[in-house]
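Here is a short note for a colleague who has not seen this model before. Please read the points with the structure open.

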Amino acid sequence: MKKLLRFFLQGLLYTAPIAITGYILYLIFHNVDGLLQKWLQQFLGIKIPGLGIIFLVTMLIIIGFIGQTIIAKPFKHGISRKNKI
């Protein structure tokens, strides 16, 4: 019974971050898509389906780039420099 409980908790720990991330991405997509569609419809009179997903993917790429260059590179550089001393 202990093993089953441990497996259950491990499965929960593995799937929870994926589910939470998916839900947050869905909320962002839904809200951004709604705002952008209203804005485009009101000011330009056009409707572009899927604009929220394009925006979301673009923002994730930008965040990944910033994280890689500003956070990860200096961190890796500091770790490798510390190991050489």
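1. Buried means under 20% relative accessible area, exposed over 50%, and partly exposed in between, with a 1.4 Å probe and protein chains only.

2. A word on the source. This is a predicted model, where local features need pLDDT of at least 70 and side-chain atom pairs count only at pLDDT 80 or more, while totals for chains, interfaces and linings use all residues. Residues are numbered from 1 along each chain as its sequence is written, and side-chain values use heavy atoms, without hydrogens and water.

3. Look at Gln 37 in H1. Gln 37 counts as buried because its relative accessible area is 12%. Which residues does Gln 37 touch, not counting those up to four places away in sequence? They are Lys 47, Ile 48, Pro 49, Gly 50 and Leu 51. Contact here means heavy atoms within 4.5 Å.

4. Ile 48 sits in the loop between H1 and helix H2 (51–84). Its relative accessible area is 33%, so Ile 48 is partly exposed. Leaving out residues up to four places away in sequence, Ile 48 touches Gln 37 and Leu 40. Ile 48 and Leu 25 are 23 residues apart in sequence, and their C-alpha atoms are 19 Å apart in space.

5. Now the course of H1. The helix has 42 residues and reaches 61 Å from first C-alpha to last, close to the expected 62 Å. That expected span is 1.5 Å times one less than the number of residues. H1 has a kink of about 30 degrees at Thr 15, shortly before Pro 17. The bend at a residue is the angle between axes fitted to the seven residues ending there and the seven starting there. Just after H1, Gly 45 takes a positive phi of about 70 degrees.

6. How many aromatic pairs are there? The count is 1 (ring centres of Phe, Tyr or Trp, its six-membered ring, within 6.5 Å; planes under 30 degrees apart are stacked, over 60 edge-to-face, the rest tilted). Trp 39 and Phe 43 form this tilted pair, with 5.6 Å between centres and 55 degrees between planes. Both lie in H1 (residues 2–43), 4 residues apart, about one turn of the helix. Trp 39 is partly exposed because its relative accessibility is 45%. Phe 43, at 53%, therefore counts as exposed.

Key:
Helices (H or I, at least four residues) and strands (E, at least two) are DSSP runs, numbered from the N terminus.
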